[in-house]
Number of protein chains: 2
Amino acid sequence: MNSKKSNIYADYAATTPINSSVAKRMCEIGEIAYGNPSSLHSKGLEAAAILKESRREVAGLLGAHERDIIFTAGGTESVNLALFGVVRPILKKKRKVHLIVSTIEHAAVLNAAKELQSEGAEISYLPVDEQGLVSPKDVFMLIKPHTALISIIYANNEIGTVQPIAEIAKGLRKINKERQAAGLSAVLLHTDACQAAGYLELNTQKLGVDLMTLNGGKIYGPRQFGILYVKKDLVLDPIIFGGGQERGLRSGTENVAAAAGFALALKLVQKNRSKECKRLQKIQQYFLSKLQKEISGVVLNGPLPGSQRLPNNINISIKERDGESMVIYLDAAGILCSTGSACSTAFSEPSHVILAISHQSLDRAKSSLRFSFGNATTKKDIDHILSLLKNIT
Amino acid sequence: MNSKKSNIYADYAATTPINSSVAKRMCEIGEIAYGNPSSLHSKGLEAAAILKESRREVAGLLGAHERDIIFTAGGTESVNLALFGVVRPILKKKRKVHLIVSTIEHAAVLNAAKELQSEGAEISYLPVDEQGLVSPKDVFMLIKPHTALISIIYANNEIGTVQPIAEIAKGLRKINKERQAAGLSAVLLHTDACQAAGYLELNTQKLGVDLMTLNGGKIYGPRQFGILYVKKDLVLDPIIFGGGQERGLRSGTENVAAAAGFALALKLVQKNRSKECKRLQKIQQYFLSKLQKEISGVVLNGPLPGSQRLPNNINISIKERDGESMVIYLDAAGILCSTGSACSTAFSEPSHVILAISHQSLDRAKSSLRFSFGNATTKKDIDHILSLLKNIT
């Protein structure tokens, strides 16, 4: 079998290796700027200045104001802050509140929604079509007078489906005008953009979202670090209370080095976005056409390569094969990929995403394989993956 | 004025510089072990193994089981998990619940308690004496049939007062036996040990606590990373929901490098603990005696050096002086210290800790200066600080 060196990492959707210049920046800043940004002295001010500059950089990249960027400890935390932050204040006032989420959200959204339901919120699950796409019409139809928030994943982590977030935001603006006239509060739109970062438009003005989650671990940046974009003037409840850092929305001494690393990582993926998308889309198309030609029983999960699919994702089901076994076989041969999402510790459960797009086909869910590519992936890697896949099919 | 190089950092209670071998370990692991610990393939297993080994190391250092160590994104988060985790499940059942916290807790405990109060919990604030000490008797007197949790800071972050945690835990065990016989649920004990780590006993068996918070940023370790020790079989509600990592108590892809860094940092401070305590206590005693001899109007806040005070903390008030102005003057001269806690962004508020020990003396709170020392502090530094303090007094 291949030695460790020849491993082909095809699981960038689970986590990305850290960019070496990001790692270097983080190590340098971590060593030097160790002050507490809340300290009055020069070491504190130095740290506060780096934090401020990082926030400014991130805001600039997202077309946002500095004030709108809340640094958090990861994507899951950001999602939780968005959902609990909007819904709990309404529950506290003992008022009815309704939340809409798609059926193919990440576990962070689904489980935060479930918790909110147990606290008294009403949840509607937005169906998706066979490509995993939500329909803006369906979204709007689900809106009730007491709807407070819609949360839709920008690009799905398992099958790469890209949702029409800008279109939904546009329709929502119209609806919110009517609601305003009727004395109803606006419906907010949150998108989990963790997988989208690096491949899709992240300008919050163009997207028109109210809340957006990003994390470092998917953009060659710091692990357990992320942001929540919070549109100007939106008032949220925090989920973590204490010293009042991050405008009161995330207490705890800030991770200054990670903030600087995140800003750099985001800058780098945004800078390379267009080129990298083209490069990976070629690889994606090549991989898919070969898979369909050379391997029998292959079904693509999610849309065909194009604007409705992330350029770095191929998710297939192979008839009469077991996904986990294939992952383990490929791993032994030096190919690192996954079946379903890695972001859950519940291995044995079949993918809720594949079930949602396949009329709950357990066979299709259990026979799925996800390859997610990134900055080190080459056509040669694809040929190697294909040759191994042929062995087991 | 002194150049940057000759700065004397005397604000270790606000945040510690990272230990260079910890930084090296984190950078190395961050670069190599980038897999998602939940991934089935070898990169995932590699990350999972490091995480497991780090947890084992931490558990060993605390006399705990691996299962009892929950990695979190910092001390504030751990405290929030402890308080919300215990109290919210009871509130959800619409049952009365009572929480006891000392008046000199860190903002994380005080503000989490305040939030719980707004959610329906009843809070009692445990008074402290003029040294900042709580009395076990007072603690026990406050217990009600529906008391669920007591949270007391092990060593205060501002004035260094060390609380009799083991004694309280011992008394509580007796009370809990009686409660059990009476069909009442046990009262749990949480301690925020962030400042204690490195200086005090952290063996959870010896301490007898049910929950204990530690963080990396105070032990020359990773920033925005910590643990919550959760005694075997205790069931808590999470505050962050998602993929179910950390036994369901802290969802989100784990920061493997930080976990390894935290384990090493804790190991190093524990290893040096006895020697470092003696060394710093000498410095502390020398500093205090000189302060009292050479500077007029000095009042020590907190207990005299000894077993009731952290060996690295000196907090004084100087009659008719302004704390913030002194910090800024000393900073300009290359001495980095603080007035009150840095862990709060509300600068202008007088220290609630000094107020609590001084019959609410605003003068004493506003004229306070905290020097907190660490591994680089020398007697020469103290002489330099003293010479500068003489200038302004």
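User: How many salt bridges are counted between chain B and chain A?

Analyst: The count between those two chains is four salt bridges. Keep in mind that this is a predicted model, where local features need pLDDT of at least 70, side-chain atom pairs count only at pLDDT 80 or more, and totals for chains, interfaces and linings use all residues. Residues are numbered from 1 along each chain as its sequence is written, chains are lettered from A in the order in which they are written, and side-chain values use heavy atoms, with hydrogens and water left out.

User: What makes Arg250(A) and Glu77(B) a salt bridge?

Analyst: The rule asks for a side-chain nitrogen of Lys or Arg within 4 Å of a carboxyl oxygen of Asp or Glu. In this pair the closest N and O atoms are 2.9 Å apart, so the pair passes the 4 Å cut-off.

User: Which elements of chain B give two or more residues to the side that touches chain A?

Analyst: They are helices H1 (20-32), H2 (42-61), H3 (75-92), H4 (107-118) and H9 (323-332) of chain B. A helix here is a DSSP run of H or I with at least four residues, a strand is a run of E with at least two, and both are numbered from the N terminus. By class, that side has 23 nonpolar, 27 polar and 16 charged residues.

User: How many residues are in contact there?

Analyst: 66 residues of chain B are in contact with 66 residues of chain A, where contact means heavy atoms within 4.5 Å.

User: Why is Ile104(B) called buried?

Analyst: Buried means under 20% relative accessible area, exposed means over 50%, and partly exposed is in between (1.4 Å probe, protein chains only). Ile104(B) has 0%, so the label is buried. Ile104(B) is in the loop between strand E3 (98-102) and H4 of chain B. Residues that Ile104(B) touches include Val128(B), Ile153(B) and His352(B). His352(B) is 248 residues away along the chain, yet the two C-alpha atoms are separated by 6.8 Å.

User: What makes strand E5 of chain A "mostly covered"?

Analyst: E5(A) spans residues 147-153, and seven of its seven residues are buried.

User: How do you know which strands E5(A) pairs with?

Analyst: Two strands pair if DSSP finds at least two bridges between them. E3(A), residues 98-102, has four bridges to E5(A), in the parallel sense. E6(A), residues 188-192, is joined to E5(A) by five bridges, also parallel. Both counts meet the cut-off, so both are called pairs. Ile150(A) in E5(A) is the bridge partner of Ile100(A) and stands opposite Leu189(A) in E6(A).

Notes: Ala, Val, Leu, Ile, Met, Phe, Trp, Tyr, Cys and Pro count as nonpolar, Asp, Glu, Lys and Arg as charged, and the others, Gly among them, as polar. Lists of a residue's contacts leave out its neighbours within four places in sequence.
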